[in-house]
Amino acid sequence: MTSLNGKKIAFIATNGVEEPELTEPWAAVRQSGGTPVLLSTEKGQITAMQGDWEHSGKYDVDEALETVEAADFDALVLPGGTLNADTMRLDQEALRLVKEFDAAQKPVAAICHAPWILIEAGLVNGRTMTSYTSVATDLRNAGAEWVDREVVVDGNLVTSRNPGDLEAFNRELVRLTAD
């Protein structure tokens, strides 16, 4: 098994995050020896969703986005969920942090609707990526080559389509972060 011992992985999420896209990568990081850290717009708790409709678990936020920088972490995970991704793509601190990770060439893993955040940060032009089907046109319009595959790795970016792709997404997140 690939080891993430001593590595800290940031997760950016807010209310409306797709629960398995938060919890399954979180578990994969932990199982590989890494330390996941939940970042959001403010301290407190966020409420996850099952799909875009059913409220699900509540999760404690470890740090507010404004208090951290990419240098504090080894990788970044952007879980999806339509509400979560739509909120985070408008948050200036989230965009700042995503840009810092990319500039440092640290792994950035985005699933489902989360590539919206990468589009807003201006990081997709010329990249090969995947996402939830409804985000494909947005990615193409921003200059990315969209492909329909369970996981795509392009440089430091890992992207996947939906919760059904989490096994491949988690594998590539851990592999890229361990390297």
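Mentor: Helices (H or I, at least four residues) and strands (E, at least two) are DSSP runs, numbered from the N terminus. Aspartate 72 lies in the loop between β5 (63-64) and β6 (75-78). This is a predicted model: local features need pLDDT of at least 70, side-chain atom pairs count only at pLDDT 80 or more, and totals for chains, interfaces and linings use all residues. Residues are numbered from 1 along each chain as its sequence is written, and side-chain values use heavy atoms, without hydrogens and water.

Trainee: Why is aspartate 72 called partly exposed?

Mentor: Buried means under 20% relative accessible area, exposed over 50%, partly exposed in between (1.4 Å probe, protein chains only). Aspartate 72 has 35% relative accessibility, so it counts as partly exposed.

Trainee: What makes aspartate 102 buried?

Mentor: Its relative accessibility is 13%, so aspartate 102 counts as buried. Its place is in helix α3 (residues 92-103).

Trainee: How do you know that aspartate 102 forms a salt bridge with arginine 127?

Mentor: A salt bridge is a side-chain nitrogen of Lys or Arg within 4 Å of a carboxyl oxygen of Asp or Glu. Here the closest N and O atoms are 3.8 Å apart. Arginine 127 sits in the loop between α4 (115-120) and β8 (128-129), so the pair ties together parts 25 residues apart in sequence.

Trainee: What makes arginine 175 and glutamate 172 a salt bridge?

Mentor: Their side chains meet at 2.7 Å, N to O. Both lie in helix α6 (residues 166-178), three residues apart. Glutamate 172 is buried, because its relative accessible area is 11%. Arginine 175, at 32%, counts as partly exposed.
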